[in-house]
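Please have the sequence and the 3D view open as you go.

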Amino acid sequence: MFKKWLVVLTASLSLGVVGICAQPQQSAQAQSVYRKIPKAYRGTWTLKSPKYDRGEKLVVHARSVKSYVFRFKGKQLGVHVGKHNRYVTVFQIHKGKQVGENYNLKRSHYKHHKALKVSYDTRVEYFTK
């Protein structure tokens, strides 16, 4: 009787542990990617790069990003802030899931000016204030 009871108890506990560990993938809202972009990254930035066309603008607001390459705003914009605000990743969201590619924004310097380093695909661009 005791052995039967011990087997039933062990089986029920193991099923409970497996059920807790195997949770479904969280939606974008549960992962809190509907966040504001930190204030240090906001503003109007101008492209300053020796290899590419100059003068293009990058406008960053709290919940929108507009560039000649991409334009996201509102619930379409997903934001992931890296550890200790070292970088910000911007991406497109559709139906709670990430779609498209990541655009990584990082504070930097370019020729002794404050700059925003934007990297996507294999391309890196520098925008200055």
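Among contacts in the chain (heavy atoms within 4.5 Å) between residues at least 6 apart in sequence, 39% join residues at least 24 apart. This is a predicted model, in which local features need pLDDT of at least 70, side-chain atom pairs count only at pLDDT 80 or more, and totals for chains, interfaces and linings use all residues. Residues are numbered from 1 along each chain as its sequence is written, and side-chain values use heavy atoms, with hydrogens and water left out.

**Overall build**
- The chain has one helix and nine strands, taken as DSSP runs (helices H or I, at least four residues; strands E, at least two) numbered from the N terminus.
- Along the sequence, the order reads α-β-β-β-β-β-β-β-β-β.
- Of the chain's 129 residues, 30% count as buried, meaning under 20% relative accessible area, with exposed over 50% and partly exposed in between (1.4 Å probe, protein chains only).

**Thr-128**
- Thr-128 sits in strand S9 (residues 123–128).
- With a relative accessible area of 7%, Thr-128 is buried.
- Beyond its neighbours within four places in sequence, Thr-128 is in contact with Thr-44, Trp-45, Thr-46, Lys-48, Tyr-110, His-113, Lys-114 and Ala-115.

**Lys-111**
- You will find Lys-111 in the loop between strand S7 (97–110) and strand S8 (113–120).
- Lys-111 counts as exposed because its relative accessibility is 62%.
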